[in-house]
Amino acid sequence: MIAEYGHFALVLAFAVALVQTVVPMIGAQKRWTGWMAVAEPAALIQFVAVVVSFGALMHAFVTSDFSVALVANNSNSLKPMLYKVTGVWGNHEGSMLLWVLILTLFGAAAALFGGNLPAPLRARVLAVQGSISVAFLAFLLLTSNPFLRLANPPLDGADLNPLLQDPGLAFHPPFLYLGYVGLSMAFSFAIAALIEGRIDAAWGRWVRPWTLAAWMFLTVGIALGSWWAYYELGWGGFWFWDPVENASFMPWLIAGALLHSAIVVEKRESLKAWTVLLAIIAFGFSLTGTFIVRSGVITSVHAFANDPERGVFILAILAFFLGGGLLLFAARAGAMEAKGVFALVSRESALVLNNILLVVSAFVVFTGTLWPLFAEFAWGRKLSVGAPFFEAAFTPFFVVLALVLPVGALLPWKRGRLGRALWQLRGVLALALAAALAAWVWGTGRSALAPVGAGLGVWLIGGALRDLWLRCGTGGLSRLTRLPRADFGRALAHGGLGITIFGVAAITAWSVEDIRVVQEGESFTLGGYELTLVDVSQGQGPNYVTTKADVLVSRDGTEIAHLYPEKRVYPVAGMPTTEAAIRSRPFGDLYVVIGDAQADGGWAVRTHIKPFAMWIWGGAILMALGGLVSLLDRRYRVAAGARKPVPGGVPAE
Amino acid sequence: MRRLVLILALLWPLAAAAVTPDEMLPDPAQEARAREISRLLRCPVCQGETIDDSGADIAADLRVLVRERILAGDSNEEVIKYIVDRYGEYVLFLPPARGVNLVLWIAGPVMLLLALMLAWMAARRRRASATPSELNAEEQARLEQILKN
């Protein structure tokens, strides 16, 4: 019965979402307070209903109720409990339900914490948010019902894809969805503002925390996915420019642009129309990503659901929200007059440049991702666009972005002097050039990439520190503790970007690889390490069998570690996985993979040295942390409380 | 679960190891060239993997073919042309900047120029509207009239 309750709750949520879309919107138009007030309880009820539905599905997974088709297809009674739980979103229907759960969570959060919003704006924001719920709940109920029953339940389930039975990947989707769906809040605010025809500094202040949160979650989600690919897929790659990765990367780039332009709206009341447009585009990219992943329209995407019916449905949702949003923008953008004026050299201009570079780089990723599809439609040509293209076409924009970032961050609002900012950065510039030179010498000129990456990394990190230092002014370091948290957030995020850029350049330029056949007991050396394959044994895990190697690592004759790379086979899913053994150190990873047994009794062993690998994800975590620190800035905390109406007070009307 | 996608593709590569020791060329310089070329070639039956990352039989065949051509004395470009002539442009991950693919390559730079131009024009317009424009002769006359009164 519980699955049916879940289904019922989902239908209920759909009905509530319909009410939430229509009633407050009319109320806001006619200034009917009662109708506007429907929005908050509706958003809360809708959230509770979806929680019940999600709980019902989780119950089915946890208790291994194989009469539910989704559970039978994606779970197994032997699976560890953690993966029974995370298996709920390891499939198309369940992950879509998680998507909707997070959507309604954001709606409920806006209803709870939106007390300081003017009533009509709040009603409209929640109504737009409700309309997104309507679309996706309809999608779930009509094309992807997670609660379908089987007439003849099997004795045991088909198991979750073993590659997904991993802690890194288990929590990757929730973070990504928090990011994707978080952008729906920026979209709802943008549409509500367009309907009202008014945007002011307060609007910027309300939109920015939501965008910041979405961007932060996307950063963590992408980093988790990339880290998982690194350790689980077995060849130490961390980014493949796969259409599905690009689908998450594009919203991240646009969200990055949006959260910077929202600052200009908030502080200077400028770039209003542009910020609204960015908010619409950002959510458009979220939906595009959903479409790419779930429609199977791009052949290279090994997507979830290759079901044309679902693809068309999502395309219709995308067309409605993106098309509708853009139409509304075209009709109303003229009403957004900018107040703040700024010179060509100013913080505002620097942020415009930031926006241009981020949007253009997202556009490059977009064209590259969709080009094969377009070429096939237009000329019937089947061609491929892969990593080599993106590396060549995308990287220059990011290099320029990194070059101008520290300078832009130092420019004052309204009017600045380029020479002054550059002079303040002279020390950092010298350090960056020295780092580039050192990288070039150390890498013996093997690749131009490493010097560029090292130089940019030092430039960004040094620029962030210099920024903090200058903010302290003449007060010296004692003032550091009194700086607004937003300043620390900015320095953390910008420095984190520098660390990631350096990590990417270093691992790409300086990785060493070795593939060979090794007999048990045999040793070989690589990059100063001596590795010995001690033995290879068979073992049994909870739901897999494993071939495990014992590799002894020593350096200069002293043992430093034992590494145990594994090759697992999951019999129920009929699938092997590689579990690389990685010794992570700040300055580089040693990465060992055990391959197939050879005819002569040896084993294929692949060894990589990956310099500065952890810096890639470390930098990403710092970026996300920067977002968090910024989110906790006083102006959001104080502003959130200051304008709250008296609780229980009756509106004056 | 965006990442799930990678997975189907990855099933195969994991099943059989990608580059195997017996395929590799004894000369490290030639092997390095083979790896460089492999990065550009897509396994025709897999989902968006290079022939190096794939464990499919045809990817192994292609890896061996690349190495045969290198041993036969082909340059990198000749090896790629040899493979693309036989397997179609689908196997090439880096579309050459020729013909219609030129659009793909210049799309980014063109958009950057357009965006910079638009931003510059918007900035000029903004400043123009912000600084009060000069009065024309008629307005000047009227102003003097008003001031006189």
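Modeller: In chain A, strands β3(A) and β4(A) form a hairpin with four residues between them. Strands here are DSSP runs of E with at least two residues, helices are runs of H or I with at least four residues, and both are numbered from the N terminus. The model is a predicted one, in which local features need pLDDT of at least 70 and side-chain atom pairs count only at pLDDT 80 or more, while totals for chains, interfaces and linings use all residues. Residues are numbered from 1 along each chain as its sequence is written, and chains are lettered from A and ligands numbered from 1 in the order in which they are written.

β3(A) covers residues 529–540 and β4(A) covers residues 545–555. The two strands pair in the antiparallel sense over ten bridges; strands are said to pair if DSSP finds at least two bridges between them. Within this pairing, A:V536 has A:A549 of β4(A) as its bridge partner.

β3(A) also pairs with β2(A), residues 523–526, again in the antiparallel sense, over four bridges. Here A:F524 is bridged to A:L531 of β3(A). The hairpin of β2(A) and β3(A) has two residues between the strands, and A:G527 takes a positive phi near 50° in this hairpin. In a regular strand the side chains alternate between the two faces of the sheet.

Positive phi values also occur in chain A in residues other than glycine. A:R31 has phi near 60° and lies in the loop between α1 (2–30) and α2 (33–36). A:K414 has phi near 70° and belongs to the loop between α15 (387–410) and α16 (418–424). With 14 C-beta neighbours inside 10 Å, A:K414 counts as partly exposed.

Residues 24 or more positions apart account for 55% of the chain B contacts with a separation of 6 or more, two residues being in contact if their C-beta atoms, placed from the backbone, lie within 7 Å.

How values were computed
A residue is buried if 20 or more other C-beta atoms lie within 10 Å of its own, exposed if 12 or fewer, and partly exposed in between; C-beta atoms are placed from the backbone.
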